[in-house]
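Q: I would like to learn how to read pockets, backbone angles, surface patches and salt bridges in a protein model. Could you take me through them one at a time?

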Amino acid sequence: MAERFERLGWRSRSSSWCGYEVGTTWCEVELEPIDGQDVLLNGVVDPSRFDDLAALLDRFGLTYTLELYDEDVDLLGETRREG
C-alpha cells in the first residue's frame, strides 16, 4: 500500500515491523496492516482535502470508511466506498 502512495510522489518510511508512515503537504497517515488484506489508515488530513484523500483511495480501488474529526473529537465528515 505504501508503494502506491510513493508512486504518486508521497513520502514513505517504515515505522514498525509492518507499518509505514506516508505523507504529503496536506496529509500524514500511518498505514498498519490488520486482518487479511485490510489496512488501518490513521492520521491527519487538511480538512479541505478530505475529499481528495477519498478520491485517491477510490483510485486505488479500495473499500474504506473515512472519518474526519476536529480537535474536540467531534465528527465533521464521513465518507465510504463499499466493495
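Q: How many residues line the largest pocket, and which of them lie nearest its centre?

A: Happy to start there, with one note first: this is a predicted model. As a general idea, rolling a probe the size of a water molecule over the atoms shows where empty space is left. Here, 28 residues line the largest pocket, and V39, L40, L41, T65 and L66 lie nearest its centre. The volume of this pocket is about 810 Å³.

Q: Which helices and strands each supply at least two residues of that lining?

A: The elements that do so are β3 (27-33), β4 (39-45), α2 (50-59) and β5. Of the contributions, that of β4 is the most, at 7 residues.

Q: How do the lining residues divide into nonpolar, polar and charged?

A: In the lining of the largest pocket, 19 residues are nonpolar, 5 are polar and 4 are charged.

Q: Let us pick one of the central residues. Where is L40 placed, and why does L40 count as partly exposed?

A: L40 sits in strand β4. L40 counts as partly exposed because its relative accessible area is 44%, and that class lies between the cut-offs of 20% and 50%. For a sense of distance, 15 Å separates the C-alpha atoms of L40 and R81, which are 41 residues apart along the chain. Keep R81 in mind, please; we will come back to that residue.

Q: Now for the backbone. What is the phi of V73 near?

A: In general, most residues other than glycine have a negative phi. V73 has a positive value, with phi near 65°. This residue belongs to the loop between β5 (64-69) and β6 (75-81).

Q: Is V73 buried or exposed?

A: V73 counts as exposed because its relative accessibility is 61%, and the exposed class begins over 50%.

Q: On to charges. How many salt bridges does the count come to?

A: The general idea is that side chains of opposite charge can pair when their charged atoms come close. In this model the count comes to 6 salt bridges. One of them joins the side chains of E28 and R11, at 2.1 Å from N to O. This pair links distant parts of the chain, with E28 in strand β3 and R11 in strand β1 (residues 11-14), 17 residues apart. E28 is partly exposed at 39% relative accessibility, and R11 is partly exposed at 47%.

Q: What is the N to O distance in the salt bridge of E21 and R13?

A: The side chains of E21 and R13 meet at 3.1 Å. E21 is partly exposed, with 31% relative accessibility, and R13 is also partly exposed, with 48%.

Q: You asked me to remember R81. Which side chain meets that of R81 in a salt bridge?

A: The partner is D58, with 3.8 Å from N to O. Here too distant parts of the chain are linked: D58 is in helix α2 and R81 in strand β6, 23 residues apart. Relative accessibility is 35% for D58, which counts as partly exposed, and 30% for R81, which counts as partly exposed as well.

Q: Which residues do salt bridges with shared partners join into one network?

A: E78, R80 and E82 are joined into one network in this way.

Note on methods:
Residues numbered from 1 in each chain as written. Predicted model: local features only at pLDDT ≥ 70, side-chain atom pairs only at ≥ 80, totals over all residues. Heavy atoms only, no water. Helix = DSSP H or I, 4+ residues; strand = E, 2+ residues; numbered from the N terminus. Buried < 20%, exposed > 50% of the residue type's maximum accessible area, 1.4 Å probe, protein only. 1 Å grid on protein atoms, 1.4 Å probe; cavity = no way out; pocket = protein on both sides within 12 Å on 5 of 7 lines; lining within 4 Å. Points joined across faces, edges and corners; volume = space filled by probe spheres on them. Nonpolar A, V, L, I, M, F, W, Y, C, P; charged D, E, K, R; others polar. Salt bridge = Lys/Arg side-chain N within 4 Å of Asp/Glu carboxyl O.
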